[in-house]
Amino acid sequence: MYPAIFATALTGFAFAHAAGPIVPGTTGKLGDAAIVTTNPPGITYTATLPNSTTSGIRGFVAGTSNANGTGVVFNINLSGFPDASLGPFLYHVHDQPVPSNGNCTATLAHQDPYIRGEMPPCDPTQPQTCQTGDLAGKHGNITTNPFQTTFLDLYLSTVKGPASFFGNRSIVIHSSNTTRLTCANFTLTSGNSSGGGNGTSSRGNGTVAGSSPAPFTGGAAVLFVSVGAILAGLVACML
């Protein structure tokens, strides 16, 4: 009896972590992300993946200020992905940098200054409602090997100060079940991020400023609720 109950609990746990359907209009607790219009031209931050013994993925993710100051043009060139059955692969800007020991878990959650959380999944037709760091959600997953793409993201900043600044953060590559495969820090490779423009990201109902990590209320909250519900079910079945 107990093995059957335990198997049911595990099934429920897995279901709780399924991606789930997109819910149009879901946005952050602080509203939609602002379009950044004050990025000085010529600033590039690049995250180059390490020559790791635990992952064969290599390449870089580079973000350059758009010439007109609005948003960031990303140039992505990656290869060496593991078996395609582990995909499609995901990639995000994470809130914290990679520490010197290379531990990708220490990068914490996605960059999310508007406190949206990971669930429900990002709606790519409404990118302003997504986490600012959810590049895969807004612009598409990694579905080829090698993978090359270029796109404009309107909601990230190359200027130090606002919470939309990504240059002091990291890129993390995931398998489809969100396992972290490899990661790297963004570093300034061109320009001066402290010059030109005030770096503020304004929106109709206020301004989000400061590069301090915002509280994460997405996947972690789902995890605690799911585990609690499963444990409660186990106890109820065993009584």
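Where does Ser-175 lie? In this predicted model, where residues are numbered from 1 along each chain as its sequence is written, local features need pLDDT of at least 70, side-chain atom pairs count only at pLDDT 80 or more, and totals for chains, interfaces and linings use all residues. Side-chain values use heavy atoms, with hydrogens and water left out. Ser-175 turns up in the loop between strand E6 (170-174) and E7; helices (H or I, at least four residues) and strands (E, at least two) are DSSP runs, numbered from the N terminus.

Ser-175 has a relative accessible area of 4%, so it counts as buried; buried means under 20% relative accessible area, exposed over 50%, and partly exposed in between, with a 1.4 Å probe and protein chains only. The side chain of Ser-175 makes a polar contact with the side chain of Asn-177, at 2.5 Å. A polar contact here is a pair of N or O atoms within 3.5 Å; within protein, one must be able to donate a hydrogen and the other to accept it, and residues adjacent in sequence count only if both atoms are side-chain atoms. Leaving aside residues up to four places away in sequence, Ser-175 touches Leu-86, Pro-88, Phe-89, Leu-90 and Leu-181, contact being heavy atoms within 4.5 Å.

Now to the cysteines. A search of the whole structure picks up 2 disulfides, each a pair of cysteine sulfur atoms within 2.5 Å. One of them is formed by Cys-104 and Cys-183, with sulfur atoms 2.1 Å apart. This pair ties together distant parts of the chain, 79 residues apart: Cys-104 sits in the loop between strand E4 (90-94) and helix H2 (135-139), and Cys-183 in strand E7 (residues 180-190). The link is left-handed, with -95° about the S-S bond. Cys-104 is buried at 12% relative accessibility, and Cys-183 is buried at 5%.

A disulfide also joins Cys-122 to Cys-130, S to S 2.0 Å. Its torsion about the S-S bond is about 75°, so this disulfide is right-handed. Cys-122 is buried, with a relative accessible area of 8%, and Cys-130 is buried too, at 5% relative accessibility. With bonded cysteines counted along the chain, the pattern reads 1-4, 2-3.

As for the overall picture, the protein has 3 helices and 9 strands, arranged along the sequence as α-β-β-β-β-α-β-β-β-β-β-α. Of its 239 residues, 41% count as buried. Among contacts with a separation of 6 or more, 69% come from residues 24 or more positions apart.
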